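We will go stop by stop, selecting as we go.

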Amino acid sequence: MISDPASHVPVPDAIEEITADWMTAVLRETGVIACRVEDLAVSHFGEGIGMMSFMVRCRPRYDAPRGGEPASLIVKLEPKGEATRKVIEQWRGFEREIRFYREIADVTPLRVPHFYYGAFDAHRAVIVLEDLGHLTVRDQVHGLRDQETLTAVGQIARLHAKYWDSPSLCGFDWIPENEERLTSIDPDAWALFQDVYGLRVGPEAVALGQRLVGQLDWLREEIARRPQTICHGDFRADNLFFGEAGSNDEVVIFDWQVCTRCIGALDVSRLLGGSESEAERIQHFNEVFRVWHEGLQQAGLSDYDIETALADLRLGVLVNLCTPVRILSIWGPDAPGRRGQLLDVIATRMFAFAVEVEAAQRLP
């Protein structure tokens, strides 16, 4: 990671370091408050939900509030697990998210959490965000409802359209382009995946995975040929807040640690293949896909026809098949609690979706 020289506040590495004095320094440095935080209640938040961060909720009490001071904030720290922490540092996840909020969030047509503060050094990082606890987060293990999926893809289409094959992408060199990790399957990792999930995903899915392992160079080349845009990169139920229909908070997209430059269909296939139960998806995945495509066309991409979009969707599905294989290699087959449940639904849903949309047709 590159350090953040603009900040003079120490970057905390543990929950004990998030104190009233620390929060006072953070909010004063960014001009959010003029008073002092005299007491700070800190509690765990989102246990088992965030893959690549550790989150706490902070409720400050101010000594002389003038009105408008945030009543509650979310603080993200690097994850506690050594293996996961190593991965997020390698991916420069906190740097990506901080720079997304600083350089992109204010000019995107999306509702994202308000960003108060962010800083990072070689081995520590922190982000302070708006607390959206009054909104609803759906459990990815349980899955999204039809209308929530439709709303979410309609929103992400606005981001995709804004940066679709745009020269402005060159100005975001901190966002990796077609990063190799997205299309990497280590042979040992695939062998482990096949051993753990082979019976659950079925022979057709296993055969597809085996073909994909032998065509990863082709996959990278094919993605590089397609128009690029800014993608969320981890577009799934756990990273979405839902509010009242028609409101500004109808859907709020957060956790931009793995935002990337790739094909827009990467996000759509990630949501459909990971966050909808099979029963929900089979009934309406075409409708969801068309909402995304129509959103792009309404934003001016009139030459992006439905057949080409479907071919890109299948390509995105192939890319996302690498995800559960990679997660299993990091977490292992005995991941406890919700992590194990999450890995199970991602693995089984992704491969079932790949079979459903005939993603094998996209392979040479």
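This is a predicted model: local features need pLDDT of at least 70, side-chain atom pairs count only at pLDDT 80 or more; totals for chains, interfaces and linings use all residues.

Now colour β3 (residues 73-77) and β5 (residues 125-130). They run antiparallel, joined by 5 bridges. Strands are DSSP runs of E, at least two residues; helices are runs of H or I, at least four; both are numbered from the N terminus. Two strands pair if DSSP finds at least two bridges between them.

Show the whole sheet. It is open, with 5 strands in the order β1-β2-β3-β5-β4 and antiparallel pairing. The edges are β1 (37-45) and β4 (115-120), each pairing on one side only.

Next, select helix α1, residues 20-29. It packs on the sheet and touches β1, β2 (54-62), β3, β4 and β5. Contact means heavy atoms within 4.5 Å.

Move to tryptophan 292. Beyond its neighbours within four places in sequence, its contacts include Val153, His160, Trp164 and Tyr304. Trp256 and Trp292 have the most contacts inside the largest nonpolar core, which has 97 residues. Such a core is a set of buried Ala, Val, Leu, Ile, Met, Phe, Trp, Tyr and Cys residues joined through side-chain atoms within 4.5 Å. Buried means under 20% relative accessible area (1.4 Å probe, protein chains only).

Finish on helix α10, residues 306-331. This helix gives the most to that core: 12 residues.

Technical notes. Residues are numbered from 1 along each chain as its sequence is written. Side-chain values use heavy atoms; hydrogens and water are left out. Buried means under 20% relative accessible area, exposed over 50%, partly exposed in between (1.4 Å probe, protein chains only). Axes are lines fitted to C-alpha atoms, for helices over the stretch in contact, and angles run from 0 to 180 degrees between N-to-C directions.
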